Amino acid sequence: MANKEKLVVVGNGMAGMRTVEELLQIAPDKFDITVFGSEPYGNYNRILLSPVLAGEKTINDIMLNDVQWYTDNHITLHTGETVTEIDRKNCIVKTDKGTSARYDRLLIATGSNPFIIPIPGHDLPGVITFRDIHDVDLMLEAAQTKKHAVVIGGGLLGLEAANGLMKQGMSVTVVHLMDWLMERQMDEVSGAMLKKSLSEKGMQFMLRASTKEVVGKGKVEGVKFADGTTLAADIVVMAVGIRPNIDLAKKIGLHCERGIVVNDTMQTYDPKIYSVGECVQHRGQTYGLVAPLFEMAKVCANHLAAYGIGMYRGSVTSTKLKVTGIDLFSAGNFTGDEHSEDIVVRDAGRGIYKKVVLKDGRIIGSVLYGDTVDGAWYFQLMREQTNVTDIRDKLMFGQAHLGDSGHGGNVVANMSDATEICGCNGVCKGTIVNAITSKGLFTLEDVRLHTKASSSCGSCTGLVEQILETVLGGDYSAPEAKPMCGCTEHTHEVVREAIRKQKLTSIPAVMSALKWKNADGCSSCRPALNYYLLSTWPKEVSDDPQSRFINERAHANIQKDGTYSVIPRMWGGMTTPNELRAIADVADEYKLETVHVTGGQRIGLYGIKKQELPDVWKKLNDRGLVSGHAYGKALRTVKTCVGKEWCRFGTQDSTAIGIKLEQLTWGSWMPHKFKMAASGCPRNCAEATIKDFGVVCVDSGYELHVGGNGGIKVRATDLLCKVETEAEVLEYAAAFIQLYREEARYLDRTAPWIERVGLSYVKENVVDNAEKRKQLAERFKISQQENETQDDPWLMRSTEGRDQDQFKPLKVIA
């Protein structure tokens with residue numbers, strides 16, 4: 001296109017190129033793009049410099065965008081050229097090699113420079129920083145012939161450099177000014193444990209040591225300290241921090257403080273110039289980790305594309321040490337203050353230390369050493385400012401103590417590459433790790449796009465995030481507010497609020513009002529939008545079947561061989577001889593070899609062809625059986641025991657209350673599958689305390705339990721309250737379900753929803769406020785009367801002929 005605007009990018013690093021990648025996705029034809037980079041390479045993954053130093057990877061292994069990528073995307077790349085002048089009046093940049101380029105928009109992404117301690121000898125040959133491939137090459141070259149290395153700086157970067165040099169066979173001493181290692185990420189106790197672990201690996205340390213001079217004649221020969229002692233060295237690695245590279249910006253008169261000052265759109269004080277990455281200062285903060293830089297890049301691309309809806313509001317970051325064999329996680333204010341309190345668990349024998357800092361019932365910081373499996377969970381609770389008062393007694397045991405079905409509760413770092421992480425899509429750990437390293441993935445959405453892990457039911461999301469943390473270390477940080485999907489910048493909560501406030505009643509209306517990037521949406525957002533609309537405006541909105549997954553469209557579960565399963569409803573787990581004969585007759589007629597009793601007290605028929613479904617449904621309908629919704633994000637089952645009618649321990653009629661619960665709630669669409677149970681006594685034979693809503697009968701009435709889960713992440717329920725009558729059970733159940741339906745995110749089970757909002761919040765709305773409870777229950781009953789909710793979908797398709805084309809086999813035309 002002849003009228004394209006010109007975008008010039010100064011800096012060919014990860015932040016600048018991520019911005020370009022985001023821009024190419026949303027506005028591929030808007031700009032002619034020119035990129036200037038000082039290094040003689042394309043864009044490589046600086047996070048993986050440590051494995052290159054350790055000899056585990058090569059430069060080609062960590063290349064994110066090779067030179068061919070720029071050609072393929074019609075980007076002009078100038079490598080080995082440094083921009084030295086910018087004429088802001090005429091919008092022209094010039095390099096040290098005389099190249100010039102005009103711009104309509106300019107993106108400065110000059111990154112940071114390593115800080116060199118200005119002591120005598122700092123410029124001797126053999127003094128090396130650890131910032132780019134050139135530095136790594138110098139260290140690898142030195143390791144071939146030299147033996148002794150001194151690393152000045154006991155922070156994250158210094159320890160990674162020391163580990164890599166040890167892997168190359170050098171004797172390494174880490175010199176650190178402070179009392180313990182990584183004092184910005186660790187407290188004194190965990191810092192001492194880290195030093196002990198690294199010492200056992202052969203790393204040597206000098207703490208509380210002030211470096212006075214690098215000594216040597218024409219080359220590095222040693223280091224001299226303020227107390228007069230010296231240490232022999234062949235090379236000295238300076239790893240004492242970074243400083244934003246703002247020399248060019250200052251030279252051209254942009255407003256700078258510690259970094260180039262930008263607003264929430266990543267725009268500098270010159271409206272034509274944007275800036276991202278380690279060179280910027282946003283709301284007084286500078287950042288040195290990749291995750292915040294990528295968040296900046298997404299916002300910046302949005303505004304370069306003239307969408308104008310993204311805002312960067314800063315990042316909450318965490319640290320995960322990448323040194324092999326060390327498990328360390330820290331985030332937030334882990335030192336606390338006079339108004340905070342610490343909860344600490346320490347097992348010196350196992351090398352485990354956990355510290356969580358609380359203030360006003362919320363996590364403000366944490367340090368984990370030796371067992372970091374719950375780091376992502378603590379970080380999420382901190383980011384979302386969840387009140388943890390209700391789970392304080394369980395907090396230090398994390399999520400893992402409740403069980404991790406299929407993974408044995410293992411820390412993901414200890415799992416083999418063959419361990420299956422995503423059961424829905426059959427993705428193993430090795431596949432995810434390889435994708436992260438070979439394709440340069442940094443976010444959960446990246447992993448979902450390239451591997452499909454976590455893209456279906458979402459239950460493995462925590463494990464995938466742990467893998468990202470393990471591979472990327474401190475450079476991975478989940479975004480503070482996750483958007484619904486790649487089609488929008490908006491979170492689930494923002495979308496739901498817009499639907500309510502603006503009374504949006506169709507998917508196109510939502511996409512138009514909220515400026516969706518993809519006019520058709522995607523398989524992630526369309527089902528969510530369809531659900532949010534139905535649950536918010538049940539009278540005004542019609543269901544959109546094409547925005548449902550295949551199982552919900554077909555009203556049966558598709559199996560691995562392409563056939564389907566049919567599971568009729570059995571109210572409260574009860575059945576009759578007539579119903580059993582109907583199921584047996586269908587199995588015989590269609591030669592179904594697998595007839596399975598499910599865990600929800602029902603019977604499933606497997607191996608049914610799609611075109612056979614309407615006929616099967618009709619035969620079951622004719623004998624009084626209806627859909628069990630085993631395929632839907634809906635009420636699945638109400639499991640019961642026989643209760644006091646037959647059991648000598650039974651205190652109430654649990655079967656009757658189970659049937660009434662199922663008759664009240666069947667057909668209701670939910671954010672995710674929803675399971676209930678009613679046990680006739682505290683022996684709990686129906687397992688009511690691992691259900692979304694459970695009833696445990698006692699002599700004085702009924703205990704109501706919520707938020708349980710018996711799947712991959714086992715979670716026992718929380719006690720909601722005790723009631724005396726069946727009518728109260730039904731009212732509380734309806735109110736709880738409606739609160740969940742109206743406020744949970746799509747694909748949230750009740751367990752993570754309650755962990756996020758807090759049990760106290762649920763009690764405030766369902767137990768403590770009788771008027772609110774009755775309103776919620778009434779809204780649930782109204783929703784059950786709309787959109788054919790409690791009309792049997794099997795009957796509508798088998799007898800009324802609805803959607804018949806869906807069940808006709810395709811004809812092959814020769």
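How many salt bridges does a search of the whole structure find? The search finds 45. The structure is a predicted model.

**View 1. Lys354 and Asp371 form a salt bridge.** Their side chains meet with an N to O distance of 3.5 Å. Lys354 sits in strand β26, residues 352–359. Asp371 sits in the loop between β27 (362–369) and α9 (375–383). The partners are 17 residues apart in sequence, so the bridge ties together separate parts of the chain. Both Lys354 and Asp371 are buried.

**View 2. Arg526 pairs with Asp544 in a salt bridge.** The N to O distance is 3.1 Å. Arg526 belongs to helix α16, residues 525–536. Asp544 lies in the loop between α16 and α17 (550–554). The pair links distant parts of the chain, 18 residues apart. Arg526 is partly exposed, because its relative accessible area is 23% and the buried class ends under 20%. Asp544, at 21% relative accessibility, is also partly exposed.

**View 3. A salt bridge joins Glu589 and Lys619.** The closest N and O atoms are 3.6 Å apart. Glu589 is in helix α18 (residues 577–589), and Lys619 is in helix α19 (residues 613–622). Glu589 is partly exposed at 44% relative accessibility. Lys619 is partly exposed too, at 32%.

**View 4. Four residues share one salt-bridge network.** The members are Arg18, Glu22, Lys298 and Asp446. Salt bridges with shared partners connect them.

**View 5. Helix α1 packs against helix α8.** Helix α1 covers residues 14–26, and helix α8 covers residues 290–304. Their axes are 8 Å apart, at an angle of about 40°. The crossing is right-handed.

View 6. From α1, the contact uses Met14, Ala15, Arg18, Thr19, Glu22, Leu23 and Ile26. From α8, the contributors include Val290, Leu293, Phe294, Ala297 and Lys298. Also in the α8 set are Cys300, Ala301, Asn302 and Leu304.

Methods:
Residues numbered from 1 in each chain as written. Predicted model: local features only at pLDDT ≥ 70, side-chain atom pairs only at ≥ 80, totals over all residues. Heavy atoms only, no water. Helix = DSSP H or I, 4+ residues; strand = E, 2+ residues; numbered from the N terminus. Buried < 20%, exposed > 50% of the residue type's maximum accessible area, 1.4 Å probe, protein only. Axes fitted to C-alpha atoms, helices over the stretch in contact; angles between N-to-C directions. Left-handed = near helix turned anticlockwise from the far one by under 90°. Contact = heavy atoms within 4.5 Å.
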